Amino acid sequence: MASDSFEVAIVGGGIIGVITALGLQRRGIKTTIYERAPTWHEVSAGFAFTRAARECMERIEPRLVEVLGSISQKTDANTCNSYWDGYHPRTLEEAEDETKSLLFRTPTHNMDYWGCVRSQFLHGMAALLPEGSVQFKKQLASYEDDDKNGKVVLNFDDGSTEKADVLVGCDGIHSATRRAMFGADHPASEPVYAHQVAYRTMVPIDVGVEALGSKTAVSACIQTGPDAAILSYPVMSGTVLNIAVFAHDFEPDSFPDPTRMVAPAKREELQRLLEGFSPHLANIWKVYPEDSLVKWGLFDTASNPPPTYAQGRVCIMGDAAHGSTPFLGAGACTGVEDAPVLCTMLEFVQQNKRTPQSASGDNLLRESLQAYSRARMERGQWVARNSREIGDCYMWRFGPTGRDTKKFNEKLSKAYHYITNYDVLGAVEIPAC
Ligand code: FAD
């Protein structure tokens, strides 16, 4: 670590906060994570990273790919997602009959997902952090970007404060950093409830095969239907099936507690939601736990995107910047893309701020954060918007592609192409110094 490094404070020790911290530390930049939870916490649910996201990880810190690779169920470049009619087939045989029930398979576009368990990935990455780089039980309440001292002052809800040269908000969709950046009354300060919920579980693969059938339980599948859809894919070397039931929420009110992502749920809700689906899917509630079941409220920034991802010495990343619903499976992948851009910009500042011919270090820092924002805004907004539209297609909500399977297929195919064929650093303009 360079002794004259400036100091970065990352708020939020989730996937993106930890990835970013590792990338900055690798570049010799002193970085501390402030996490509100008392210890590392991530749920035991699956998520998957595209090849494009893994290439970003390689640039950020190659050990990230090693960690991910050691815990992932890997698909190859020819694997595709399949989309099924989960509603009309009346027997498992009919449901597995591709001529009757398969809507389409998406071209892979070299997506070759690596699916893993979120908590395993977070713990694996956290083990790489140097000692002393995390402070737990630190919930950001607000900050002041102090021009007099050229520092950002972080105010935590326990009354304590910390100072840093840069504040990076990786504090998720309900970001306190974003709220402090724009003010509580700004439309971008709060995410919007998409009126969609997710019920997630993981079951041993034999239980999954028994429930969903041997054809669909062994690869990434989406069973579509009216107002609900079921996503499943294997994780943990194919020994465990990750299942998520997504459903439209008809309640006019917001999610029970709009500041939290989960609320208690009952298996009967699932039973009711999938009534009328193909019988084996209508019974999927039986593989969910009776106790401790929760539902996730799906929030996004699609209709109220932040007007910038950076202001002064502060920036936002990951879900804090472009939280989206999960239907493109690209929320975390998009956050991963933010990290090489920010790391490149801050490394540039680190290298140049003391050269005599450079603009003042402080100006360079602000300009570099603006350059980060410009490089990431369009992509972040696109993902949030398109994920909403794809979710409507999954749940037969007659979104932009209507009932037309061909158009739905084309829309997905275009979306995946855009997600996987994108030059992340190509969008970066390095400021003059
Ligand atoms: P988070 O994971 O929300 O982490 C934020 C962290 O900040 C947390 O640790 C939190 O405790 C902390 N924090 C919050 N507020 C404060 C505060 N004020 N002070 C201090 N700390 C704070 N993405 C994919 O790419 N692929 C997938 O397959 C996929 N599947 C998904 C399935 C579902 C059902 C859902 C809901 C999402 C899915 N996503 C997927 C999206 C992905 O989960 C998110 O994009 C990703 O978790 C965002 O990471 P993050 O670090 O930005 O935020």
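**Contacts, sheet and domains**

Guide: In this predicted model, a polar backbone atom of Ile15 is 3.4 Å from an oxygen atom of the ligand.

Visitor: How much of the accessible area of the ligand does the protein cover?

Guide: On its own the ligand has 1,000 Å² of accessible area, and the protein covers 91% of it.

Visitor: Which elements give two or more residues to the shell around the ligand?

Guide: They are helix H1 (15-26), strand E3 (46-49), strand E18 (294-300) and helix H12 (331-352). H12 contributes the largest share, three residues. Of the 33 residues around the ligand, those that come nearest are Glu35, Arg118, Leu140, Asp319 and Ala332. Sorted by class, the shell holds 16 nonpolar, nine polar and eight charged residues.

Visitor: How do you know that the ligand lies between domain 1 and domain 2?

Guide: Domain 1 (1-75 + 118-190 + 302-396 + 424-428) and domain 2 (78-112 + 192-300) both give residues to the shell around the ligand, and therefore the ligand lies between them. The centres of the two domains, taken over C-alpha atoms, are separated by 30 Å. Their contact takes 32 residues from domain 1 and 39 residues from domain 2.

Visitor: Why are strand E8 and strand E19 said to stand at the edges of the sheet?

Guide: The open sheet has six strands in the order E8-E2-E1-E12-E20-E19, with mixed pairing. Strand E8 (134-135) and strand E19 (310-311) each have a single partner strand, so one side of each is left without a neighbour in the sheet.

Visitor: What makes strand E12 and strand E20 a pair?

Guide: Two strands pair if there are at least two bridges between them. Strand E12 (residues 166-169) and strand E20 (residues 314-316) have three bridges, in the parallel sense, so they meet the requirement. Gly169 stands opposite Ile316 in E20.

Visitor: Where is Asp423, and what does its side chain reach?

Guide: Asp423 is in the segment after helix H14 (405-420). The side chain of Asp423 reaches the backbone nitrogen of Gly426 at 3.1 Å. Asp423 and Cys56 are 367 residues apart in sequence, while their C-alpha atoms are 10.0 Å apart in space.

Note on methods. Residues are numbered from 1 along each chain as its sequence is written. This is a predicted model: local features need pLDDT of at least 70, side-chain atom pairs count only at pLDDT 80 or more; totals for chains, interfaces and linings use all residues. Side-chain values use heavy atoms; hydrogens and water are left out. A residue is near a molecule or strand if one of its heavy atoms lies within 4 Å of it. A polar contact is a pair of N or O atoms within 3.5 Å; within protein, one must be able to donate a hydrogen and the other to accept it, and residues adjacent in sequence count only if both atoms are side-chain atoms. Accessible areas come from the Shrake-Rupley method with a 1.4 Å probe; for residues, only the protein chains shown count as cover. Helices (H or I, at least four residues) and strands (E, at least two) are DSSP runs, numbered from the N terminus. Ala, Val, Leu, Ile, Met, Phe, Trp, Tyr, Cys and Pro count as nonpolar, Asp, Glu, Lys and Arg as charged, and the others, Gly among them, as polar. Domain bounds come from an automatic or database domain assignment. Contact means heavy atoms within 4.5 Å.
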